[in-house]
Amino acid sequence: MARSTSSSVRPATAAASRRSASRPLPKRWPVPLGCGQTYVDKVHEHDKATPETARLFGSAEPRICTPPLRELTPETSLGFDVIDFAFEVLGVVLLPWQRAALIRMLEILPDGSLRFRTAVILVARQNGKSTLAQVLTIWLLFVWGWPLILGTAQDLDVAETLWEEVVDIVHENAELAALVEGVTKVNGKKSLNLESGAKYKVKAANRRAGRGLSGNLVLLDELREHQTWDAWGAITKTTMARAEALILALSNAGDITSRVLRYLRLMAHRALGDPDGIGAAEDDGGTAPTQFDLETLDSFDEDTDEPDEFDDDDIDDIDIDDLEQDEDTLCLLEWSAVPGCDRRDRSGWSAANPSMGYTITIKTIASACKTDPEWVFRTEVLCQWNDGATAGPFDPGAWDAGKIETAKGADGVVRLTDPEKDRIDGRVVAGIAQSGAVTYIALAGYRPDGLPQVEMVTGRYGTDWVGEWLTHPDRKGRIRCVTGQSRGAPEQTLMKRLSTDRAFRLPVVDLAGSDLLDAYADAEEAIRANQVRHTPWPALDMAAATAEWKVLAGGVKVLDPVKSPTDIATLRAWVHALWLLEHEPTAPPPPPPEPKTLDDVADAGAGDDDFDTNDYEDLTGDLSDMGF
């Protein structure tokens, strides 16, 4: 009986086994390296996509990201709690990519502190960056209890729109609304104030951002628009005094003008082994903070009408190390298409648009692919970077061909790699240009090989310092004369003042009219023919890569500071100095010598104060510490 039962069951079991073997097992979401199954389950909780239909949706996982130190669980990341809060309290079902971003960037160390102080999220437009920022802001204010959230954007309207949406979400939730003390809606001073004393304020992203405040979370929307370190330096100060703080930068891909974003992305890519080869292509991208950035930040008037309830004396002092990024505390989460992919490649669409299939349709992306100019589509939709190599006022590659190699020493000072060859012999001339409140000076002279060389050497706020700087003993009498645009430019008042100042001993050469047109034409030709050299200077290199020409009657051209996407004052100063080098006024003949006495003959050879090039090495050796 037993055998009969066994015999009757065995065939059925074998058949079931054969059917099971022939039927594929259900697919499972892959587990990213080091993240763990708990992370994957949370990311895809409530997900309408399945592993089988994943090709129709955007990628939840960033293509390039900072890996976790430990498996990501509720014990190792605050992101799990934020996701649950969004669902249970706010009624918001976050998209898979938003969940992944929160869990990754809110990783905590064994001591319970946040691992990252700076998080950069790169993703194509219209994918839901604002929703992520809003949910995190509300959680940090109401649950985690951080005292100050500071929202910024290059366009204040953008920051205020995000703030207004947070206020609306809070007021629509009875539980949260009961914890609100009041809302300040005065333009420029908008603030959500809680009974606990916590605040959410908004500021424009400029040098005044956060002055007098010491914040915990700083939201930086559209970091691609930061062309200088001014706003970043001010914002960095707001977090220095806080043991727990996070700067969250949200953006799509930038271009050569996106100085801060390019620098942070380059640092992160290098730490990850340079997956896209951008580290091999450029040393610091011409974006790293310099001593000049620090000087312009410190020279800004720090007086402010902001309340000082979060003020801290510790943030008054800042040095170059505070502007530089610590790779250990930087998190990069980049949703972007692989560089160089066909713009019709749908895997690229998915990689850069994690909301595809959820809030963005494939049809919408396909339409943009057909109608947008190539680099508009690649930047806005594929989140790919345009390095600006084909842009700018000069022939592609011509400006870089004249760049002199430099290297940063152990002391942090940038110096010439080959000072015997790449230096200026003898005396120099100076070119001046202004932009807003900043005045720049470039010096030009001749190299040992006879080619002209022009170096940006300094730039500071105001104009009162210019005359003293040009004639200061540190210059060792090497500057012979100076010029700047004398009509129709911001520096015209300065040039007039210098030319009429009896205490200013250097000749001031007028530059206007046909001379100014010649200056631009001669500079363009010298650069095209590779007949001029220049030392690196980030703002100058950026201007040379992006400036726009203004064509006048007869086809002559001048640089256009209005249409140019970035400040071109450094390039204007450079052009002025190069022109003056070739058009230096002839020195008047020396006065006849005084009659000599026997005492004069006896003293002959006892001393000679005349200038000797050999006494002073090269120009860069004298001035590099003050400039690039």
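Arg572 and Glu491 are both buried (under 20% relative accessible area; exposed is over 50%, partly exposed in between; 1.4 Å probe, protein chains only). The two residues form a salt bridge, with the closest N and O atoms 2.4 Å apart (a side-chain nitrogen of Lys or Arg within 4 Å of a carboxyl oxygen of Asp or Glu). Arg572 lies in helix H21 and Glu491 in the loop between strand S15 and helix H18, so the pair ties together parts that are 81 residues apart in sequence. Helices (H or I, at least four residues) and strands (E, at least two) are DSSP runs, numbered from the N terminus.

The model is predicted, with pLDDT of at least 70 needed for local features and 80 or more for side-chain atom pairs, while totals for chains, interfaces and linings use all residues. Residues are numbered from 1 along each chain, and side-chain values use heavy atoms, without hydrogens and water.

The count of salt bridges is 26. In one of them, Glu380 meets Arg125 at 2.2 Å, N to O. Glu380 is in helix H15 and Arg125 in the loop between strand S2 and helix H5, so this pair links parts 255 residues apart in sequence. Glu380 is partly exposed at 23%, as is Arg125 at 30%.

Within helix H19, Glu525 and Arg528 lie three residues apart, about one turn of the helix, and form a salt bridge at 2.6 Å.

The whole structure has zero disulfides (pairs of cysteine sulfur atoms within 2.5 Å). For Cys35, the nearest cysteine sulfur, that of Cys65, is 6.8 Å away. Cys35 is buried, at 1% relative accessibility.
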